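Hi there,

Here is the structure I promised to pass along. Have a look at it first, and my notes follow below.

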Amino acid sequence: MMQEIPLTHILFVSTALFFIGMYGLFTRRNLITMLMSIELMLNSVNINFVAFNKYLFPDNLEGLFFTLFIITIAAAEAAVAIAIIINLYRSHHSIDVEDATEMKY
Amino acid sequence: MSNYLYILWIPLLPLVTFVLLGLFGRKYLSGIAGLLGTASLFTSTILSFVAAKQYFFEDGKVNGVFQKIVALKYTWLEFSPNLSIDLGIIVDPISVMMLVVVTSVSLMVHVFSLGYMKGEERFATYYAFLSLFTFSMLGLILSSNIFQVYMFWELVGVSSFLLISYYFNKPSAVAASKKAFIVTRFADLGFLIGILILGYYGGSMDIGLLIERFTSSSSTQFISITSASFLGASMLTWGLTLIFVGGAGKSAMFPLHIWLPDAMEGPTPVSALIHAATMVVAGVYLVARMFPVFSMSEAALNIVTYVGAASALFAAIIACTQTDIKRVLAYSTMSQIGYMMFALGISKNGGEGGLGYMASLFHLFTHAFFKSLLFLGAGAVIHMVHSNEMKDMGGLRKLMPVTHIAFLIACLAIAGIPPFAGFFSKEEILTAAFHENKIIYGIALFTAALTSYYMFRLYFNIFWSKETTISHHGEGPWVMKLPLIILAACAVGVGFVPFSQFVTADGKPLVTHIDWVFSIAPVVLSVLAILLAARFYKNENDKSDKVVAGFGGLYTAAYKKFYVDEVYLFITKKIIFPFIGQPIAWADKNMVDGFMQLLATITAKIALLIKGLQSGKVQNYALFFFGGVVALSILFIYIWK
Amino acid sequence: MNYTILLHLRQELMLAALIFLLLFIKLGKERSNESILNFINIGLLVNLGAGFCCHETGELFNGMFNTNTIIVFEKNLLNLAALIISMQSYAWLKNNDNMIEFYLLTFTSLLGMFFMISSGNLLMFYLGLEMSTIPLAAAANFDLTKRKSSEAAMKLILSSAFSSGILLLGISFLYGTTGTLNFSIITAHINGNPLQLFAFILLVTGFAFKISAVPFHLWTADVYEGSPVAVTSFLSVISKAAVLFTLVNILYKVFTPLAHTWYLILVVLAAATILIGNLFALRQDNFKRFLAFSSIAQVGFILIGISSSSQAGTASLIYFVLIYIFSNLAAFGVVSVVSALTGKEKISDFKGFYKTNPMLSWVLTIALFSLAGVPPTAGFFGKLFLMMAGAAKGNYGIIIFAALNMVISFYYYLSVVKAIFMDENPHPIQKIAVPTVSKIAMYLCVIGIIATGLLSMVYDYIHSISFGL
Amino acid sequence: MMNLTLLILIPLLTAVLILLAKGLQQIRVIGLTGAFAQLGLTGWLLKSFLAERAAGNNATYLFESNQTWFKALNINYHIGIDGIALAMILLTSVIVVAGILVSWSMDKLSKEYFFLLVLLSMGAYGFFISLDLFTLFFFLEVAVIPKFLLIGIWGSGDRTKSAMKLALMLMAGSALVMVGLFGIYYNIQSFDIVQITQQGIPVGVQKFFFPFAFLGFGVFAALFPFHTWVPDGHASAPTAASMFLAGISMKLGGYGCLRIAALMPDAAHTYSWIIILLATIAIIYGAFATMMQTDLKYINAYSSISHCGFVILGIGMMNKTSINGAVIQMVSHGLMTALFFAAIGMIYSRTHTRIVAQLGGLLKAMPFISTVFVIAGLCSLGLPGFSGFVAEMTVFMGSWQNPDGAYRLATVLSGASIVVTAVYILRATGRAIMGPISAEHALLADASWNEKLAAVLLIAGILLIGLAPFLINHLIMPSTDAIMVQMSKVIVAK
């Protein structure tokens with residue numbers, strides 16, 4: 001029976017994932033990629049929830065439920081976001097975030 | 001003693017006249033303005049003579065001493081329980097004497113003006129202002145409260161301002177009126193502070209109380225004011241000196257005299273009234289009023305003495321050189337007032353030593369008549385030749401005999417030739433000076449000689465000298481001659497009034513006797529001076545010019561009035577305006593206001609500086625977001641935990 | 001079965017019903033926009049009325065959803081705002097083919113806010129939050145053809161997704177440290193260890209993003225400028241208000257143990273927000289952008305009020321939001337009418353506005369004065385009470401700071417007034433025929449602006465129903 | 001017994017009616033009627049006030065009425081007047097009538113113009129009757145915005161800039177006031193002046209918050225160095241607005257300062273030397289700055305700075321006489337400066353210039369206006385018989401009671417300003433009113449009936465105070481006594 005991975009490891013992974021996502025959001029110019037990086041962040045949060053639930057509070061399932069909802073809403077968010085991006089493409093003929101900086105100061 | 005209450009009407013009547021003429025004069029009353037003014041003033045004059053008679057001959061004296069009677073007292077403005085401005089009427093020898101002088105001279109001037117100002121556009125306004133002045137002057141005389149004196153003091157000043165600037169289209173007149181008002185205002189500041197000092201320490205502003213408290217050397221007030229001192233002088237000296245400064249301003253004492261000559265821009269009757277007989281002696285009156293207190297401070301009295309003497313001499317010298325006849329008269333007025341001042345200065349409070357006091361007021365009394373006579377005479381002359389300059393005159397004695405005689409009498413009077421009025425009063429002054437202070441006596445003597453010299457220089461230049469070019473006769477209507485005649489009569493007669501019986505420092509009659517031996521010196525000097533004047537000016541010659549050349553620099557200096565005006569101009573135009581006024585105005589625009597502006601500018605600058613935050617790049621926004629998170633975390637997890 | 005569920009949920013249910021009705025109408029045959037608009041407005045009115053009957057306290061779904069007098073009142077405020085907005089955008093929507101979609105989106109987000117306000121559970125709260133945000137992102141893009149509109153929508157969706165990511169991280173840690181999502185239980189488990197604090201701060205930043213507090217505000221101006229005026233006003237008034245209400249609920253009820261921490265956080269945020277908001281508002285020429293920054297500054301004042309953590313704090317917040325609805329919507333109303341009929345949105349276009357449109361000018365002026373806080377408008381009282389609540393803590397530094405900033409804010413509000421009344425303009429905006437419905441809305445706002453302040457019973461009522469720490 | 005709220009309701013009614021009215025004729029008639037109604041009301045108020053006092057009612061504030069406004073915050077609509085407030089109210093009503101009369105022919109946006117005038121006056125009335133600091137503050141700010149609009153819309157010269165400057169500086173002032181009031185509120189839990197007076201404020205609190213409140217009101221009263229809104233504001237404003245500004249609005253500041261000093265006597269004593277310093281600077285500095293001005297309105301504006309300095313000086317000296325003087329000076333200056341601005345406005349509307357150098361000899365063409373001008377001038381240089389003399393002398397007297405050397409110096413310096421005043425007044429008069437008149441000015445018309453009426457009204461006030469100061473003294477003495485009682489509490493304590 002292999003001994004189980006300690007919580008900290010998992011938290012480390014999730015945190016790493018989160019910051020990778022954030023890094024992607026900050027650096028990538030492509031809107032779709034940025035959206036994906038955000039999904040990464042959300043997923044890292046999911047990992048958190050599941051891990052906490054599994055390790056610390058196994059007797060109830062709030063964490064898992066929360067994960068489900070996050071996934072759903074992420075989907076919805078993505079749908080709207082992509083719709084907007086498509087519309088942006090119609091008007092700007094590009095999905096580079098740098099091209100959509102008309103409004104500033 | 002309310003049986004003097006009718007005195008209230010003496011100032012009130014002119015006031016009523018002023019209000020009537022001021023409101024309706026231009027439209028409705030312009031025709032009868034002169035008569036109205038004269039009539040009301042005539043009534044006042046009668047009343048004041050009645051008052052004089054009642055006071056001096058009936059009930060003024062209580063067991064041989066003239067009383068100070070407060071006929072009316074009404075609290076007008078209460079500052080604090082014991083400090084208040086009371087409007088009151090004080091009846092005592094000097095106030096009654098002044099009443100007589102002011103009303104009668106003013107009446108003469110009113111009458112004279114009927115002819116002199118005939119046909120003026122603002123005739124009604126002129127009489128309104130005359131009435132205003134008379135009212136203020138009478139109020140000043142009757143004041144029983146030192147702050148009341150100050151109020152009327154100011155009113156007198158403003159009415160003089162209005163009358164000098166009567167010809168308001170003439171820039172010179174406007175300038176003169178401004179000068180007169182501002183210079184006297186400056187002096188009044190001293191007066192005001194003096195009042196504040198006396199009032200603070202005296203715990204009252206009622207003249208009677210003040211005198212009572214400051215003359216009893218045991219009273220707490222006296223001790224407190226003498227013990228408190230500033231820059232080495234006791235507060236009493238300060239207070240009195242400052243009050244004297246006010247007086248000096250009004251009475252054109254050196255160095256505050258510069259306004260008086262210019263004030264001659266006003267109509268000549270006005271000069272006769274205000275700048276010869278009444279307002280300019282207000283300073284003397286003020287000192288006389290407060291004399292008991294003055295007598296408690298040696299220093300203050302010395303200041304009075306020396307300023308008076310200096311002015312007397314200074315003015316006399318200048319008078320010898322002027323060519324504008326009114327200016328000559330103006331300077332002679334200044335010098336005569338100097339006489340009165342030092343006479344007060346050397347006097348003691350009552351007793352034999354009180355001779356100076358009596359003499360001074362006596363001279364004030366006589367001077368009022370002959371000096372106003374001189375001015376009115378000059379007025380008549382100017383009315384004829386339409387010029388103030390000596391060179392335009394000469395040989396007028398045939399054309400205007402009445403004026404000529406009157407003028408001559410006045411000149412003799414001021415020169416102190418017996419039996420004319422001036423002789424007696426001047427004699428007293430010289431006697432007092434001789435007993436008290438030899439230096440002053442010397443100055444006085446010399447001044448007397450100068451006086452008679454320049455007066456006759458004037459006289460000869462007007463009436464003799466070269467033959468006149470003017471052919472037409474006529475001295476103007478009887479309303480102009482009558483006052484001359486009356487005043488001439490006074491100039492002869494008033495000298496015989498037993499003045500010392502009535503007006504003395506302590507109210508006790510004073511026995512005086514003319515010491516003929518003593519009076520030889522001044523009279524002889526005067527006569528010599530007159531002869532000199534006659535030799536120079538009786539008929540055209542160049543002797544005077546030679547002498548002038550002989551004096552050289554001194555003459556020009558005197559002719560230029562010793563450059564006092566220039567000094568004043570320098571101080572105001574070259575120092576106050578550019579070095580105080582303009583810098584302040586500049587600072588207000590650029591520093592104070594500029595600072596406020598600066599705040600606005602800085603804010604705008606910052607706003608412009610940080611606009612980069614809003615870069616428009618959504619990724620930067622996210623970055624700032626994260627930065628915020630990190631900052632908050634550090635701040636609140638590690639620092640403000 | 002019992003009907004309390006209907007009672008407690010009545011506002012949400014009615015709104016949902018409205019949404020479904022609209023869907024059916026959309027599917028059904030064509031109708032004239034006017035009739036539908038009127039129908040919608042009446043529906044909103046009914047919903048508003050429904051809010052005022054039978055206030056009661058209660059909870060559903062074992063504590064996930066709870067309601068009480070003040071929550072109902074807050075929802076009413078949101079309803080009122082929605083009604084006013086829909087009336088004001090009449091001119092804009094009248095000839096718009098996608099009018100119904102607009103309402104679908106906005107109502108959905110409104111529904112989300114209702115749930116968020118009543119949430120008694122982090123999950124519920126998160127659902128409500130997202131439900132209120134995502135439709136608005138779509139709505140921001142409502143002018144499909146406008147470049148700015150899509151840019152705005154993009155910025156909104158991306159940054160809000162990012163912020164919800166942060167928020168979720170916070171929630172997850174919170175869950176990790178307390179082991180529950182239920183507010184009533186969380187409080188007991190809060191012990192302020194660093195991870196928890198960190199989680200809390202992440203949570204707060206999520207809120208700060210929504211109410212656009214500095215430095216989480218940067219999206220605001222761009223989104224406001226890009227999106228259609230109606231959506232802008234929805235964003236600036238309703239969503240902000242909803243989040244603020246929730247924030248107060250959570251701070252006061254849940255994070256009581258951390259009161260000291262969040263007091264400081266709020267003060268810091270408030271100071272930064274007021275200053276930055278003012279400084280940026282100074283330089284704006286686009287009216288919507290200008291109002292965006294001014295509203296940021298307003299939030300700063302609100303935060304001061306909240307920081308007091310007293311009954312007066314809550315009261316002044318709700319009171320100010322009420323006033324803010326009136327004044328801000330009055331301003332937006334004028335702007336929306338002008339932009340809908342002339343397409344002009346610049347402040348410089350409004351020069352000489354008074355000569356041509358005195359009525360609109362006065363409405364706008366009064367609104368601006370109210371925003372600036374000048375008596376006798378209600379804004380004066382609102383701002384003053386917020387600061388009075390804040391001052392109660394005895395932290396006068398922030399009060400002085402705010403007072404000085406008020407002067408800056410006066411400058412930019414007055415310069416708009418200056419443009420309207422004083423500046424010369426050869427070609428002012430021509431006379432505008434305002435639709436009656438919008439007129440009514442504007443008058444409603446003006447009356448509100450004047451009455452809310454002077455009639456003290458409004459505040460006293462709010463104060464009586466509000467709660468402290 | 002009467003209800004002071006009428007003082008607010010009448011202007012309110014007038015304003016509403018003006019909004020409903022059609023055409024200049026109607027509007028101005030309504031405005032004038034309202035103003036006169038208010039004047040009558042205040043006259044009646046005075047009568048009943050004196051009657052009450054005569055009946056032996058020695059309460060500090062008469063006609064008190066106290067309604068709860070914001071119950072939860074203990075904010076009350078508490079009104080009532082003492083002699084000082086009453087004097088201010090009378091001043092206001094007179095100036096309002098005069099102001100409406102001089103703007104009789106204002107045809108540009110007349111409805112808004114008169115509306116704003118009336119609104120401004122309403123603010124002033126409310127301010128003077130309130131005994132609750134919150135209400136006080138409310139009305140204080142109500143009175144600001146109308147000024148901004150009046151100057152900005154109807155003004156002359158660089159109107160928008162001066163309007164903005166004025167509004168911002170006044171708002172900054174009221175922001176300071178607000179901080180001060182909060183300070184009081186959170187230590188006394190009340191805004192009620194009476195209550196605060198009874199309870200007294202902890203010394204520490206006073207020391208910290210007095211500067212805010214006092215300086216805040218000081219900005220309104222043109223306290224150096226916060227006076228810079230005064231010149232530009234007055235110069236750009238239309239005639240009536242300048243009259244209101246200098247005649248009423250600056251008095252709000254002075255009145256506020258007085259109340260604050262009475263509420264926080266300890267702090268007032270501590271800081272009095274600063275107050276006196278600033279006041280003295282304002283007096284001298286204002287006077288000299290005036291001397292350099294060339295524009296009639298600027299001359300009067302700067303002289304206002306100098307004259308309002310006396311108000312602050314009187315308050316700072318903190319004794320009965322000086323405070324009396326401060327109050328009288330407020331009233332006197334209000335009337336005098338309003339008269340001055342009215343005269344300047346009349347001249348400007350005819351000659352279209354206010355530059356002294358371009359005028360001259362107006363006395364010939366327009367004797368009435370010139371006389372008014374001269375009277376205003378003489379009043380401002382403190383000639384006996386006019387109100388200025390009474391006021392300034394009372395202030396001097398009061399401040400001289402203060403034996404401290406530095407205070408004496410301050411008194412003497414401020415006294416010196418009357419000389420400078422004489423200089424600039426006479427320079428202006430001598431140049432503009434006297435001297436030769438230019439051809440194109442020679443044919444100008446004199447004042448019309450409304451202008452005459454306005455001038456006469458103001459002059460009557462000036463003369464009333466100047467000739468019978470015991471009347472106003474009698475009115476305000478009891479109130480100053482009450483204030484002195486508050487202040488003296490401390491002096492004893494020290």
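Before the first finding, a word on angles: the axes are lines fitted to C-alpha atoms, for helices over the stretch in contact, and the angle between N-to-C directions runs from 0 to 180 degrees. Please keep in mind that this is a predicted model.

Let me start with a helix pair in chain D. Helix H3 (residues 83-102) of chain D packs against helix H19 (residues 449-467) of chain D at an angle of about 160 degrees, and their axes are 8 Å apart. Angles over 145 degrees count as roughly antiparallel, so that is how H3(D) and H19(D) run relative to each other. Their crossing is left-handed. On the H3(D) side, the contact is made by D:Val94, D:Val97, D:Ala98, D:Leu101 and D:Val102, while H19(D) brings residues including D:Asn450, D:Glu451 and D:Leu453. By class, the residues of this contact are 9 nonpolar, 2 polar and 1 charged.

Next, the nonpolar core. The largest one has 688 residues, and B:Ala491, D:Ile312, D:Leu339 and D:Ala342 touch the most other members. Helix H15 (residues 311-342) of chain C gives the most to this core, with 21 residues. As for D:Leu339, beyond its neighbours within four places in sequence, its contacts are D:Val372, D:Ala376, D:Ala455, D:Leu458, D:Ile459 and D:Ile462.

Finally, chains B and C meet in a contact that takes 23 residues from chain B and 27 residues from chain C. On the side of chain B that touches chain C, H25(B) gives the most, with 12 residues. That side of chain B has 16 nonpolar, 6 polar and 1 charged residues.

Best wishes

Key
Residues are numbered from 1 along each chain as its sequence is written. Chains are lettered from A and ligands numbered from 1 in the order in which they are written. This is a predicted model: local features need pLDDT of at least 70, side-chain atom pairs count only at pLDDT 80 or more; totals for chains, interfaces and linings use all residues. Two residues are in contact if their C-beta atoms, placed from the backbone, lie within 7 Å. Helices (H or I, at least four residues) and strands (E, at least two) are DSSP runs, numbered from the N terminus. Ala, Val, Leu, Ile, Met, Phe, Trp, Tyr, Cys and Pro count as nonpolar, Asp, Glu, Lys and Arg as charged, and the others, Gly among them, as polar. Angles under 35 degrees count as roughly parallel, over 145 as roughly antiparallel, 65 to 115 as roughly perpendicular and the rest as oblique. A crossing is left-handed if the near helix is turned anticlockwise from the far one by less than a right angle, and right-handed if clockwise. A nonpolar core is a set of buried Ala, Val, Leu, Ile, Met, Phe, Trp, Tyr and Cys residues joined through C-beta atoms within 7 Å. A residue is buried if 20 or more other C-beta atoms lie within 10 Å of its own, exposed if 12 or fewer, and partly exposed in between; C-beta atoms are placed from the backbone.
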